[in-house]
Amino acid sequence: MLIQLNPTGVLDLLSQLEVDLLEQSSTSERYKLFRNCALAVLNVGSHTDSSSEIYNKYQDFDIRLLSRERGIKIELLNPPTTAFVDGEIITGIHEHIFSVIRDILFICQKYEKDLTEQKAITHMVFDMLRNAAALRVNSDPSMIVCWGGHSINENEYKYTKQVGYELGLRGLNICTGCGPGAMKGPMKGATIGHAKQRNTNNRYLGLTEPSIIAAEPPNPIVNELVILPDIEKRLEAFVRTAHAIIIFPGGAGTAEELLYLLGILLHPDNAKQSLPVILTGPKESENYFSELCHFIEMTLGKEALDKFEVIIDNPELVGMKLKSAMANVRDYRKSQGDAYYFNWTLKIEHEFQQPFAPTHANMAGLDLHLDQEKQLLAANLRRAFSGIVAGNVKDEGIQAIKQHGRFIISGEPTLMKAMDKLLQAFVEQGRMKLPGSQYVPCYEVKA
């Protein structure tokens, strides 16, 4: 099967020099990354959370860039048939394919070297979002970032849709990690709320990164896709574009996101930030939030608990609170002279920006003890959970576990006991892998 596609979006109009640069990238080491991201996008709606499974299933898939005077074309060889209807590629998938080119092959050429300065990293995040037209200048605060697990049960999934519906009715937009589960539910619910209000300017922004995109392919509702280079820049993109954040039930990845967020909000320079954070789920998820809050209090203290609110089984209240909070967000940004579309005043320290490679050596070397600054502890705990996510669903993590065995996570006995208890709760509640999958731990916690 051989398919050719015309460009869309920002790649509609390219100079010959830009076409040449894209062609050079398509033959470089970055090609594998480009191919894998394109394959992930073509697998929208797949029922697996294993990158390796997708890559192995479509080993004969290939993608090529064809140069022509007025731009480029894409040629797909043996793509997944689910991406097509009556021989025509689905429009949303077509758009996402060119988002892959834009982010992986085009904008990344401006940043060949690893960035170390805080301002330079933040600028890169801004630059990629701007290039993707994800920053809307003349618009009031309305972007609600929704975090939560890809592996949630049916009742929790329905609840995320109900919350999304309440947000949509109130004209609020949705940004998620763009995958299934708690990333899809709010978007799906919001589509109904927006439709009832005849809101045609609805936004469903998906932020992802190359190592997770195959395990969590963009869900069909995402109408804006941005692929950041790594998890740290993806997380910074979330918090700088957010006007509020909702956290639904999830597993290790959701714990990583919460720890990242709290580590930032606990910084003294962020004490006056107006960024509402709500943890919410149905009644049956109450124990999940209790476990999570207990872990947060034990590690980061009661001050961390004051940075968010827990609302159980009340989607309407979540919608009402966040709608009313938008005026406060607007007033705060205005008082600081900050942009509504990108939170420049949010202080993000170096330890939250530098990429963490989840190797066995790096996981074993994490500094996990309670007698350190809360911000540093949050950063190190975030890295530990990030490594577990990699071992669960990311191709490089899965391969590393197969080759070297489980990650060893060690530290202060009290902290390790609390972490092991939280992780065990995630396993027992089926939050580590998709329903129906048997979970084999990729880690071992040792005091």
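## Helix packing

Helices α5 and α8 are roughly perpendicular to each other, a label that covers angles of 65 to 115 degrees, whereas angles under 35 degrees count as roughly parallel, those over 145 as roughly antiparallel and the rest as oblique. In this predicted model, local features need pLDDT of at least 70 and side-chain atom pairs count only at pLDDT 80 or more, while totals for chains, interfaces and linings use all residues. Residues are numbered from 1 along each chain as its sequence is written, and side-chain values use heavy atoms, with hydrogens and water left out.

Helix α5 spans residues 118-131 and helix α8 residues 231-241, and the two pack at an angle of about 70° with their axes 10 Å apart; the axes are lines fitted to C-alpha atoms, for helices over the stretch in contact, and angles run from 0 to 180 degrees between N-to-C directions. Helices (H or I, at least four residues) and strands (E, at least two) are DSSP runs numbered from the N terminus. From α5, Ile-121, Thr-122, Met-124, Val-125 and Leu-129 meet Lys-233, Glu-236, Ala-237, Arg-240 and Thr-241 of α8, where contact means heavy atoms within 4.5 Å. By class, the contact of α5 with α8 comprises five nonpolar, two polar and three charged residues (Ala, Val, Leu, Ile, Met, Phe, Trp, Tyr, Cys and Pro count as nonpolar, Asp, Glu, Lys and Arg as charged, and the others, Gly among them, as polar).

Helix α10 (residues 286-300) packs against helix α14 (residues 374-393) at an angle of about 135°, with the axes 10 Å apart, which makes α10 oblique to α14. On the α10 side the contact involves Phe-295, Thr-299 and Leu-300, and on the α14 side Lys-374, Leu-377, Ala-378, Leu-381 and Phe-385. Six nonpolar residues, one polar and one charged make up the contact of α10 with α14.

## The seven-stranded sheet

Seven strands form an open sheet with parallel pairing in the order β9-β8-β7-β6-β10-β11-β12, where two strands pair if DSSP finds at least two bridges between them. Its edge strands, β9 (224-227) and β12 (309-312), each pair on one side only, and neighbouring strands are turned by 25° against each other on average, direction ignored.

Within this sheet, strand β6 (residues 143-147) pairs with strand β10 (residues 244-247) in the parallel sense over four bridges, and Cys-146 has Ile-246 as its bridge partner in β10. Strand β7 (residues 173-176) contains Asn-173, which is buried at a relative accessible area of 7% (buried means under 20% relative accessible area, exposed over 50% and partly exposed in between, with a 1.4 Å probe and protein chains only). Not counting residues up to four places away in sequence, Asn-173 touches Ser-142, Met-143, Ile-144, His-194, Asn-201, Asn-202 and Arg-203.

## Val-100 in helix α4

Val-100 belongs to helix α4 (residues 91-106) and is buried, its relative accessible area being 0%. Beyond its neighbours within four places in sequence, Val-100 is in contact with Phe-34, Cys-37, Ala-38, Val-41, Leu-105 and Ile-227.

## Cysteines

The structure holds zero disulfides, a disulfide being a pair of cysteine sulfur atoms within 2.5 Å. For Cys-178, the closest cysteine sulfur is that of Cys-175, at 9.2 Å, which is too far for a bond; Cys-178 is buried, with 0% relative accessibility. Cys-293 is likewise in no disulfide, the nearest cysteine sulfur being that of Cys-146, 18 Å away, and Cys-293 is buried at a relative accessible area of 16%.
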